[in-house]
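Thanks, everyone. I'll keep this short. Please look at the sequence and the structure on the screen.

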Amino acid sequence: MAHQSISPSAALVLSLPLMAAPAVLAQEKNQDDQALDQAANDPTASLMNIQIQNIYTDSYYNLDDESGNTILLRSAVPFSTGPLDHIVRATFPIITDSPAGESGVGDLVLFDLLVFNQSWGRLGFGPVALLPTASEDVLG
């Protein structure tokens, strides 16, 4: 299997969140007096963030000598519409190596989480949308 390299345009897309990250200033406590480290791991916390995660798979079941690598760009943006609090989460995969031998972008996943603050904590639920943005059918 040939080694796939990342294109200059994909490298630019990957570097944009790194350039934008310093513009987002974190506070030690959020509105519910939750510590920042706890809020970062709480999917219902109203904390704007950008994450980059690399997922490497050394081998696949029933596929000999195949590996894969995916970079996930994830963001969360809290906002309100009237009395409702929302957190929109977007996940955009960039496949740099796959068993099919293809590389490119995968399908975009959007999740609108409605958050309800209760005396015992927070409750969240909402719709999920999968947008077919894959550059190749095998990557979506």
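Start at arginine 74. Arginine 74 sits in strand 2, residues 68–81. Helices (H or I, at least four residues) and strands (E, at least two) are DSSP runs, numbered from the N terminus.

What does arginine 74 contact, leaving aside its neighbours within four places in sequence? The partners are Asn49, Ile50, Gln51, Gln53, Ala90 and Thr91. Contact means heavy atoms within 4.5 Å. Arginine 74 and proline 93 are 19 residues apart along the chain, and their C-alpha atoms are separated by 8.6 Å.

A word on what you are seeing. This is a predicted model, where local features need pLDDT of at least 70, side-chain atom pairs count only at pLDDT 80 or more, and totals for chains, interfaces and linings use all residues. Residues are numbered from 1 along each chain as its sequence is written, and side-chain values use heavy atoms, with hydrogens and water left out.

Now the whole chain. The protein chain has two helices and seven strands. The order along the sequence is α-α-β-β-β-β-β-β-β. Of the 140 residues, 29% are buried.

How confident is the predictor? pLDDT is its confidence in each residue, from 0 to 100. The protein chain averages 76, and 74% of the residues score at least 70. Confidence is lowest in helix 1, residues 8–20, with a mean of 49, and highest in strand 7, residues 128–131, at 94. Over residues 16–32 the pLDDT is below 50, and this stretch has 17 contacts in the model beyond near neighbours in sequence. Where pLDDT is low, the predicted coordinates should not be read in detail.

Next, strands 5 and 6. They pair in the antiparallel sense over five bridges. Two strands pair if DSSP finds at least two bridges between them. A hairpin joins strand 5 to strand 6 through two residues. Leucine 114 has phenylalanine 125, in strand 6, as its bridge partner.

Is tryptophan 120 buried or exposed? Tryptophan 120 is exposed, with a relative accessible area of 62%. It lies in the loop between strand 5 (108–118) and strand 6 (121–125).

That's the tour. Questions, please.

Definitions and conventions:
Buried < 20%, exposed > 50% of the residue type's maximum accessible area, 1.4 Å probe, protein only. pLDDT = per-residue confidence, 0-100.
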